Amino acid sequence: MRALQVDKKITKLGMARVLSALSPAAAAKVGPLDLVSIDPPALPGDGWHRVHTHLAGICGSDLATVEGHASAYFDDWVSFPFVPGHEVVGHLDDGRRVVVEPVLGHAARGFEPPFPGAAPGDGNDYAHLVTGHLEPGIQIGFCNSTCGGWAPEFVAHESQLHDVPDSMSDEAAVLVEPAAGGIHAALLTWPVLVGVDRPVVAVLGAGTMGLCAIAGLRRYVPNVQIIVGARYPHQQSIATAFGADIVVKPDELARAVRRASSSHMVGDYLSGGADATIDAVGTSDSIAQCLRITRPRGRVVLMGMPADVSVDLTGLWHRETQLVGAYTYGTETMPDGARRRTFDLAIETAQACRLEQLVSATYRLDEYEDAIAHAASAGRRGAVKVAFDLRPDAAKHSTKASS
Amino acid sequence: MPRPGFVHEVDRSTPPVLFWRGENFSLEKLPAGRSRVIYPPEPLKALDDIDGAIVHALLNPHGQDPLPAQLFPGMKLTIAFDDVSLPLPKMRTPDIRQRVMEAVLDMAAQAGVDDVHIIAALGLHRRMHEYELRHALGDRIFDAFHPRGMLYQHDAEDPENLSIIGTTDHGEVLEINKRAADSDLIVYVNINSVPMDGGWKSITTGLASYKCLSHHHTGETLQNTKSLMGHRKHSALHTSIWRLGMVLRDQGPTVFQIESTLNTDMFPAPFDFINKREWEWTAKDRATYLGTTKALNRMPTRMARKMFHNIEAPHQMTSVQAGDTELVHEITLEHVYRQQLVPVEGQTDILTLGIPYVCPYNPDGIMNPILVMCMGLGYLFNMYRNKPLVREGGVIIMTHPTYREFHPVHHPSYIDFFEQVLPDTTDPVVMGQKWEKQYAEDEWYRHLYRTGNAYHGVHPFYAWYWGAHGQQHAGKIIIVGGDAPTVRRLGFTPASTMDDAFEIATDVVGRAPTITHLHVPALLVADVT
């Protein structure tokens, strides 16, 4: 089958990294991503299924990989060559339509779950991600053994599959995975909001993940005041539709938070600030900005995937700010104490918020250079989510012309 | 003998006319046959013996005993003075305030008065920097009074140091500086740059609390102020202020008002071409203009701004009078009008205004977008007596770069106003009802106003209210050369050239509108009949 594959070629990674600053399309052309012919992966064992891709999204972490920006941290947690694609909706051989929870957890790798009913992302030891009967890989889409969604088919374990309601379109379903990530980040703010009368949560960045975090905050975090820094008009309007109370441009976020939190501004920092801030960008500048606008003993939830960053942490030290990563999803403890699977919350959210509206353009696999270029400049081009469409009638579904 | 102001009808031989564009200028060709330019009167001759005139005014006041007769040992004397908002540009030293105050202090010393406080009447303006106080008052006064805590700046947010004098029959509470209220005599040292200033406005705004100011500094009041620079009875603002003045007169301490007027000699060489009529420019003036604009085009705005704010104007005193506030102010207005009034026949379809780098609220600072609105619609539009230069529903065209830039120390709440209030509404009444309270009660703004050099939190509202009548009166407002998104946020229409602006204006005023350009500087008041 024809699939998009990433190989570990240092030269290509370097060239992509250099060129990506000038032209994402050129970076895609020279980078480590190639359209190749490969054999479909074998089923690794019992409980595994073959998934036939319908739609597969292009995520920020995918872009970082194909543009050569991903951290060397992942070198030991993935296995090359791999087929990317972890935001996937497809169908099984028996016709079930599913979305995939891509984390290759204990059950998928043949280990005992950390607790009964655990989600793939749960657990406090990641040894299973690089051991067991699969090649190393944190998720489908980064593992040589499973293939990924940027191919007509790949394999997934039963523990990773969630049925898609009949009423939900593929376009909404492909957003379930990023929605789960956003909801997880939203719920990670809760510990510092407990007991605050009208907590303020700031969200910096309103790409797919930022917008999903806003939806998650509004739906699952009670009485929260959401202030969003969104660069582009279409992002601002969706942020408002998803429940943000105040939407401003990113450079106006600090002052908006100051006003909402009745703080002073002391140098670059607020004297108080947001109770929690979600960084949906993940750069040195964004982390620094989040630290500046979060109150002492507040929490910065780092949802956007960073790489090497340079940040002055004096403020974090002085203000005892919590800097917390938000990777994927799992089993959540809700504000009322209930335990819920993030993917279940995400499926609800995808329906309630009509997340299909976030799919701005779809491409065939052989159009991957254009697709990557579009995804890399999505905000600027008025888009949110760009995806590959592998359905047989992809041309009929294609939305790129309208984007 | 200085020539009076006049109205020049533009014909084919009229050269392009000078427009301010912030920290730069442009020459604009106005359509012949239907355009006119209003030129200000030339500067009146300054008083020959300024110090002698000041002493004469103090010894021969109107409606009161001479100042020395009102001074006695053991008394509480408070001298209040107009702040850095005027004159513009700042005048060459010695400043009039220094000269007047030194004369007053000499008399106080001779009378054995030793309890003297000097207070900058800021209202809600920013506190003056030390170098500004020294410039206005001179080193001698500053060094004698400031270190001992007897020269300071009014604080409209200090509940411990405010005192209620009384209430008008309209329910307006007059609350002013406690030291001034408790004094045996207040001497107020004023500079009357424009007809709006002076009179009861000096103390009832300059030494007032926010609560007191909020009675009349509102969108409604300024919309109903149909003549800010003309007849007081047409100004809702002044009507309210005069009511408060009556309370001060009847229930407050004695006020010895000293008012002075300036001529309009505003720019020294090499910028003196600004004051001239274009067809009278010499070859040297033209060369200076070209050299100046080319240099300014290449200069970073920050540097150009510094250069302009460093200008010290040669304008000088044309009159000084003292005594009873109302009697004094009537004479002052005569002198202001003598210098600034220009008779103009009929209104116009389009009024063009060049907006300079400075207005009363950004000395040594940045002319931010809100101040562009304030200067254009609050000040220059209002430079008329009887009726506005532009007809109701006409078009106002301003030239200014309207950059989205703010002085973070002077104008912190202006930034929030621009980011929070203007995207919501540009209606002065609506914003007052919906947003002003939040800005008035913001502790950070309060802290910066009281201890730093920031305008009060509500000051951007006041700046906006100042343009309320002009905003309501005009059918369309266009800014030429401004940053387009910023201009739009102000609720105005951007245009890249003057010709584009005229084209845009045709939607409102048709294809052959009459055009009037208010030639500033210098200051002028159009007496429109």
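The model is predicted, so to speak of local features a pLDDT of at least 70 is needed, side-chain atom pairs count only at pLDDT 80 or more, and totals for chains, interfaces and linings use all residues. Residues are numbered from 1 along each chain as its sequence is written, while chains are lettered from A and ligands numbered from 1 in the order in which they are written.

**Where the chains meet**

- Eight residues of chain A are in contact with seven residues of chain B; contact asks for C-beta atoms, placed from the backbone, within 7 Å.
- On the chain B side, α13 (412-421) and α15 (443-451) each supply at least two residues; helices (H or I, at least four residues) and strands (E, at least two) are DSSP runs, numbered from the N terminus.
- α13(B) gives the most to this side, with four residues.
- Sorted by class, this side of chain B holds two nonpolar, two polar and three charged residues. Nonpolar covers Ala, Val, Leu, Ile, Met, Phe, Trp, Tyr, Cys and Pro, charged covers Asp, Glu, Lys and Arg, and the others, Gly among them, are polar.

**A helix pair in chain B**

- Helices α14 (residues 428-440) and α16 (residues 459-466) of chain B pack at about 165°, with axes 10 Å apart. Axes are lines fitted to C-alpha atoms, for helices over the stretch in contact, and angles run from 0 to 180 degrees between N-to-C directions.
- α14(B) and α16(B) are therefore roughly antiparallel to each other, a label for angles over 145 degrees.
- From α14(B), Pro428(B), Met431(B), Gly432(B), Glu436(B) and Tyr439(B) make the contact, and from α16(B), Phe461(B), Trp464(B) and Tyr465(B).
- By class, that contact of α14(B) with α16(B) has six nonpolar, one polar and one charged residues.

**The six-stranded sheet of chain A**

- An open sheet of six strands in chain A runs in the order β10-β9-β8-β13-β14-β15, with parallel pairing; strands pair if DSSP finds at least two bridges between them.
- β10 (246-248) and β15 (322-325) of chain A stand at the edges with a single partner strand each, so one side of each has no neighbour in the sheet.
- Neighbouring strands of this sheet are turned by 20° against each other on average, direction ignored.
- Strand β9 (residues 225-229) of chain A runs parallel to β10(A), joined by three bridges, and Gly229(A) has Val248(A) as its bridge partner in β10(A).

**The three-stranded sheet of chain B**

- An open sheet of three strands in chain B has the order β13-β20-β15, with parallel pairing.
- Its edge strands are β13 (341-344) and β15 (384-385) of chain B.
- Two bridges link β15(B) and strand β20 (residues 525-528) of chain B in the parallel sense; Arg385(B) has Asp527(B) as its bridge partner in β20(B).

Definitions and conventions: Contact = placed C-beta atoms within 7 Å. Parallel < 35°, antiparallel > 145°, perpendicular 65-115°, else oblique.
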